[in-house]
Amino acid sequence: MDRLTNTIRPYAWGSTTAIAELLGTEPTGEPQAEMWMGAHPGAPSRTERGPLDEVIDKDPARELGPRAVAKFGPRLPFLLKILAAGAPLSLQVHPNREEAGDGYEDEQRRGVPIDAPHRNYKDTNHKPELICALTPFDGLCGFRAPAAAAELLSGLGVDSLEPYVDLLRAKPEEGALREVLTAVLTADPDDMAKTVADAAAAAERIGGAYAPYAAIARDYPGDPGVIAAMLLNHVRLQPGEALFLGAGVPHAYLEGLGVEIMANSDNVLRCGLTPKHVDVPELLRIVRFEATDPGILRPEASPDGEEVYDTPIDEFRLSRFVLAEGAAAHDLTAVTPQILLCTAGTVRAGDIALTPGQSAFVPAGEKAEVSGTGTVFRATVVA
């Protein structure tokens, strides 16, 4: 078992205090957005044996186990994070595996450099993800029903939004959502900036259900993503609740601290709320234009005390243990690789003591017991 030393990514949307408070360290004054735990080549965790990606590369069968290697190849198939949003992340969507493969091959064939800012596909993998709240956590997830979106937009009393309202009320669901999102993202930039400014002023004045969108507009004045965001469900997670985000579902995280786990991929199509490239035609090809219930997940408890967040994919499996003082240790020995992350209290993973924000990598088959008082998340795979 290896104690992990992890990199904190300083993206501009990150909170300046949340990760420091979790770790019990002094804030740096700079944004701290994500702490990465895993073997992603962009910021692999470090162990006493070396960077985790190099440790795995030397002997994948030993570190990951034969089952995981046979199913996912010789790499850790997930990335675990602490995510701290102090401002909205980009409004985005992820492709499924087939779309990612086709998109990657197309960009390779056209000679688009892998690090080009307008490149959409960095790999051939899909990127399902799960976010579990550690604090109250605000996000956007999936389309509202067109009638509900029409009512929200109409309530602002902004004349330039009325054509969108009419489309949402007149068209079938798929066509309504597709036409309105297309119109918002392809509108004249100056006209859209004025519409967003008028909508933001009205949202500030009305408050209530409009407050999240007024806050988004303060961070992204004039951005068409503000109007696109109003087509989506607003969700507030309480600690312990989670969201699963599958392919084609538009989403954005707005504010809060959480544990995030995802399949190893960098494939993102953006819809707005970002200075980065927005490829509207490709985005419209990937988005699933259907109203969805966000589907808040609550963990399902098993007899041994493991609380599992059930998802329909195999690249990751996230669960947690809430450990009581004096309780017996839990044996987590498994034939798959694991990362254990403490988020509260003090726990022991084998011989390693973990406090909030600290983590350990457990190779496949390695003896792994957790005990103590607090909360520990367990990330592994289904193989």
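**Overall build and cysteines**

The protein has 12 helices and 21 strands, where helices (H or I, at least four residues) and strands (E, at least two) are DSSP runs numbered from the N terminus. This is a predicted model, in which local features need pLDDT of at least 70 and side-chain atom pairs count only at pLDDT 80 or more, while totals for chains, interfaces and linings use all residues. Residues are numbered from 1 along each chain as its sequence is written, and side-chain values use heavy atoms, without hydrogens and water.

Of the 383 residues, 56% are buried, meaning under 20% relative accessible area with a 1.4 Å probe, protein chains only. Among contacts (heavy atoms within 4.5 Å) between residues at least 6 apart in sequence, 74% join residues at least 24 apart.

UniProt, in an unreviewed entry, places the feature "domain: Phosphomannose isomerase type I catalytic" at residues 3-144; such annotations may be inferred rather than shown by experiment, feature names are shortened, and positions follow the numbering used here. This span is 27% helix and 25% strand, and its end C-alpha atoms lie 43 Å apart.

A disulfide is a covalent bond between the sulfur atoms of two cysteines. Counted as pairs of cysteine sulfur atoms within 2.5 Å, disulfides number zero in the structure. For C271, the nearest cysteine sulfur belongs to C141, 13 Å away. C271 is buried, at 3% relative accessible area. For C342, the nearest cysteine sulfur is that of C132, 14 Å away. C342 is also buried, at 0% relative accessibility.

Conventions. Buried < 20%, exposed > 50% of the residue type's maximum accessible area, 1.4 Å probe, protein only.
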